[in-house]
Amino acid sequence: MGSLKPSMRSRTSAPAGAVTANGTVNEDGALSDKLKLFKTDNFDADGYVQLKCQSMNEKEIRQLCMHLLELKKASAEEMRKSVYANYSAFIRTSKEISDLEGELLSIRNLLSTQAALIHGLAEGVHMNSLSNSSGISSIQDSPASEDYEISELERWSLELPDVLDVLLAERRVDEALAALDEGQQVAADAQQKGSLSPTALTLLDNSIADCRRRLAEQLADAAHQPSTRGAELRAAISALKRLGDGPRAHTLLLNAHYQRLQYNMQGLRPSSTSYGGAYTAALSQLVFSAIAQAASDSSVVFGEESAYASELVMWASKQTEEFALLVKRHALASSAAAGGLRAAAECVQIALGHCSLLEAQGIALCPVVLKLFRPSVEQALDANLKRIEENTAALAAADDWVLTHSPATSRPFNRASNISTGGSSFQLKLSSSAHRFNSMVQEFFDDVAPLLSMQLGGPTLDGLAKVFDSYVSLLIKALPTTIEEDGSLEVSENKLVRSAETETQQIALLGNAATLADELLPRAALKLVPNQTGGKEDPRKRLAEKQNRFPELRDWRKRLQRSVDKLRDNFCRQHALDLIFTEESDAQLSADMYIYLDDKADSSSWHQDAFPSPIFQDLFTKLNRLSYIATEMLPGRERVITVLLMRLTETVIIWLSDDQTFWEDIEDGPKPLGPLGLQQFVLDMQFVMQFASQGRYLSRHMHQVVRDIISRAINVFANTGMDPNSVLPEDDWFVDVAQDAMLKLSGRSRSVNGDREPNSPTASVSAQSMSSVRSHGSS
């Protein structure tokens with residue numbers, strides 16, 4: 001300690017009490033003087049604290065404690081920074097110290113061996129001299145049996161190092177281990193009984209330790225040799241474990257398998273012209289076989305100890321990562337970028353197949369493989385979806401929107417295109433771009449089916465839904481636009497698809513979307529879900545059963561349907577605008593047609609020739625025409641046709657209900673609504689309810705909207721001070737006129753004396769509706 005004091009003093013920046021450059025007194029000297037008290041041998045810490053605290057109040061003591069705690073934290077932080085700043089040097093120095101300790105131990109063993117040898121020789125000479133001088137009396141004092149045992153034990157302990165040297169030289173590992181165990185047991189017994197002198201016991205312990213070290217090095221060298229394999233490797237590792245160096249032995253075992261794997265992989269050369277799956281299969285066989293063999297050897301030698309099992313799993317994960325890196329570099333990189341989903345899927349399946357074989361040994365590497373390969377497969381998945389989208393868009397630009405049967409070259413489509421309904425079968429029809437879209441999707445699902453194990457079913461369905469929505473957007477662009485809708489004619493010139501000018505072509509657009517969303521795409525998606533029944537039941541029943549087990553499939557179908565709804569709503573909006581507005585953008589459906597009717601006709605002539613307004617006649621005619629066209633073009637798609645007609649009717653009625661200009665003119669216009677105007681309005685609404693009910697597309701929502709509209713008109717008329725019931729005919733009258741108008745517009749006549757059936761469901765529903773509306777309006 002005395003040698004350290006001058007160095008501490010030499011590091012002070014100035015003598016005690018020296019004046020610094022800024023004029024302050026340097027207190028290092030005073031602090032050094034104060035520290036002398038703590039350096040004395042008779043320093044009493046408790047007395048010092050009591051002395052200091054007696055002159056301090058509670059607040060000062062607390063401040064002192066806080067100050068000491070801050071100093072403690074600062075010191076700990078400084079030590080932490082110092083350790084991390086010199087961590088590498090610390091590790092290197094520790095290793096050098098460990099090596100140095102080993103060398104010192106070797107020197108110590110050598111010196112101990114020499115000292116013991118000299119001591120043994122000297123002791124032997126001394127005992128011989130004593131035996132010659134003492135004669136028989138000494139023998140009587142010391143029994144002959146005891147003298148024989150001591151000399152024999154010491155002689156055995158002196159011969160043990162030579163025996164171990166011979167065993168090590170001849171690589172007789174098992175015998176060397178047995179000799180070491182025997183020597184360890186003898187040394188323990190001798191120490192307990194005191195049968196060996198301290199020098200001899202030290203010599204024996206050092207000899208055993210030295211032999212253990214040399215045997216361990218010999219076994220480690222053997223494990224490093226590439227030629228050491230199988231039983232020989234396990235024997236060397238097991239012997240090293242018996243020497244008490246289990247962690248090192250396990251690491252050497254894994255390194256030996258790694259070196260062997262690297263040696264075997266040298267003969268595997270990927271070729272740019274070779275099939276990626278072949279390279280993946282060969283590499284996967286080498287890597288996972290090496291992992292399996294390492295796991296087997298580890299289990300045989302080390303059992304199920306958690307520490308070794310954890311190291312094995314970490315080592316296996318590292319080998320899997322290196323394997324994935326090679327596969328992505330030599331097999332997946334080009335195929336994924338080019339959209340080679342089948343090749344990517346096969347590479348993953350090969351790896352997963354080998355990984356599954358390791359699960360019996362307690363090594364679950366499938367999650368590691370999935371995590372490593374997922375980005376590449378997702379890249380291939382996105383490239384495929386993009387290719388479908390681009391190819392379909394290119395075909396849509398030249399599509400003539402004529403529905404035809406599937407081409408003979410569409411292999412997957414031919415198998416899935418027949419639908420049975422009520423005992424009859426027919427084949428679905430699509431336009432050229434939809435046929436191509438469907439065939440590409442069918443092939444796409446053939447490729448992605450193996451990817452279910454990668455939990456890519458959700459992203460696959462999501463991506464396909466986006467591609468389908470993109471295709472539906474093209475179909476929407478094919479609908480003809482009007483000036484009223486877009487305000488200019490430039491939109492049609494910027495379209496990327498051919499316009500569907502006729503109603504037949506426009507129905508074809510809807511047929512494409514509905515057939516794909518309702519039938520073909522869901523049936524293709526069944527490949528993503530394993531078929532548990534294994535039968536050949538109706539695809540629709542199988543789809544319904546799988547939707548119940550997999551909600552994501554049901555949600556995906558709803559998403560497809562929303563895209564179809566978007567196309568249908570655009571179709572209905574376009575046709576509703578064509579009905580409501582003329583070519584000059586004048587509203588054909590306006591309040592004037594009702595509020596000025598009393599000025600244009602008298603009551604008797606109007607009742608004699610009562611007929612729905614022209615716009616509703618056009619609506620009825622258009623709905624009948626669209627129904628006929630759709631039935632011819634979309635056989636078996638009754639629901640699609642019904643929903644289309646329902647939505648088109650609702651679009652017109654809802655527009656009427658929400659048109660603020662119309663109702664402002666009716667309620668607050670310059671001329672009040674007259675009796676004939678009210679009757680014409682009620683007749684128009686009753687006409688809509690009649691043909692919608694007869695066509696089975698009168699929805700509850702539309703029924704309620706019509707009732708609300710009629711009630712609102714009746715209330716407007718009642719606000720003029722007149723009684724609506726006094727001017728409105730009986731309910732059956734409106735129904736009869738509406739029925740007659742439907743027959744005339746359809747080119748038919750009444751079948752029974754010009755009278756409709758009195759018990760007709762349509763008549764009863766209409767009468768009940770009118771009665772409730774009439775009573776509500778009058779109230």
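Q: What makes Arg523 and Glu519 a salt bridge?
A: The closest N and O atoms of the two are 2.9 Å apart. A salt bridge needs a side-chain nitrogen of Lys or Arg within 4 Å of a carboxyl oxygen of Asp or Glu, so the pair qualifies. This is a predicted model: local features need pLDDT of at least 70, side-chain atom pairs count only at pLDDT 80 or more, and totals for chains, interfaces and linings use all residues. Residues are numbered from 1 along each chain as its sequence is written, and side-chain values use heavy atoms, without hydrogens and water.

Q: Where do Arg523 and Glu519 lie?
A: Both are in helix α21, four residues apart, about one turn of the helix. Helices here are DSSP runs (H or I, at least four residues), numbered from the N terminus.

Q: Why is Arg568 called buried?
A: Its relative accessibility is 9%. Buried means under 20% relative accessible area, exposed over 50%, partly exposed in between (1.4 Å probe, protein chains only). Therefore Arg568 counts as buried.

Q: What makes Arg637 and Asp518 a salt bridge?
A: Their side chains meet at 2.9 Å, N to O. Arg637 is in the loop between α27 (614-633) and α28 (638-658), and Asp518 is in helix α21 (residues 503-525), so the pair ties together parts 119 residues apart in sequence. Both residues are buried.

Q: Which residues are linked in a network of salt bridges?
A: Asp518, Glu519, Arg523 and Arg637.

Q: How many salt bridges does the rule give?
A: The count is 14.

Methods. Helices (H or I, at least four residues) and strands (E, at least two) are DSSP runs, numbered from the N terminus.
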